[in-house]
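Here is a quick tour of one protein model, from the overall fold down to a few single residues. Have the coordinates open as you read.

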Amino acid sequence: MDPNMKQLQESLADIETDAEQVLLARHQLVENDKIRNANREALTALRKQARTTKTSVPSPFEVIMKEMEGSSGKQLIKEICPTCGDHNPKEHTWLMFPGSDIFARVPFHVAHTVLEKDQERLDLDTKKLQSFIKEKSLVIAEKGALAGRFGADTVKSLVSLTDTPRSTREAQTPEVKYQLG
């Protein structure tokens, strides 16, 4: 076989492998998004059950001050969970564990803690997948696979694009004044 043909085949196989990895990562992003949305809905339902919002739970400082005014024999610091609030954290609720069809009756506090930890893990995984997709897209563009559609510089600028706050953008834009005359 011609060495140029063999080199072409190898480069096409590399590009195809990278493109397949990008597609798999995108599919995983969609699956993570579905799970994140379901977790968010479950956390909202638990907050409704506890009749709390993220801002409705008093700060621990307020609780300390109220208890200091009362008797001095009581516990000074009372930990308040932002999701549980005044809700009984030992009250049981049903939770379906991810990746299985098993329902378990667990304490309320445990249920929302598991969901919050899972949400944090999914957020981290999503960020990792997004950066992986950016890197692989850049590699594919540098190999020339997108040469007919986009230049490598265009893809590189899109991949490295970052969002700046509005106030920073306004400060960078010079004011233009027009004068008729």
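## Ground rules and surface

Accessible areas here come from the Shrake-Rupley method with a 1.4 Å probe, and for residues only the protein chains shown count as cover. On that basis the protein has an accessible surface of about 14300 Å², and carbon and sulfur atoms own 56% of it.

Keep in mind that this is a predicted model: local features need pLDDT of at least 70, side-chain atom pairs count only at pLDDT 80 or more, and totals for chains, interfaces and linings use all residues. Residues are numbered from 1 along each chain as its sequence is written, and side-chain values use heavy atoms, with hydrogens and water left out.

## Overall fold

The protein has five helices and two strands, taking helices (H or I, at least four residues) and strands (E, at least two) as DSSP runs numbered from the N terminus. Going along the sequence, they follow the pattern α-α-β-β-α-α-α.

Buried means under 20% relative accessible area, exposed means over 50%, and partly exposed is in between (1.4 Å probe, protein chains only). Of the 181 residues in the protein, 23% are buried. A contact means heavy atoms within 4.5 Å. Among the protein's contacts with a separation of 6 or more, 58% involve residues 24 or more positions apart.

## How α1 meets α3

Two packed helices are described by the angle between their axes and the distance between the axes. Axes here are lines fitted to C-alpha atoms, for helices over the stretch in contact, with angles from 0 to 180 degrees between N-to-C directions. Helix α1 (residues 3-50) and helix α3 (residues 108-142) have axes that come within 8 Å and cross at roughly 155°. That makes α1 roughly antiparallel to α3, a label for angles over 145 degrees.

The crossing of α1 and α3 is left-handed, meaning the near helix is turned anticlockwise from the far one by less than a right angle. Sorted by class, the contact of α1 with α3 has 18 nonpolar, ten polar and ten charged residues. The classes go like this: Ala, Val, Leu, Ile, Met, Phe, Trp, Tyr, Cys and Pro are nonpolar, Asp, Glu, Lys and Arg are charged, and the others, Gly among them, are polar.

## Two residues on α1

Leu-29 lies in helix α1 and is buried, at 17% relative accessible area. Skipping neighbours within four places in sequence, Leu-29 is in contact with Thr-126, Leu-129, Gln-130 and Ile-133.

## A loop histidine

His-87 lies in the loop between α2 (60-69) and β1 (92-96). Is His-87 buried or exposed? At 16% relative accessibility, His-87 counts as buried. Not counting residues up to four places away in sequence, His-87 touches Gln-49, Ala-50 and Phe-108.

How values were computed: Parallel < 35°, antiparallel > 145°, perpendicular 65-115°, else oblique.
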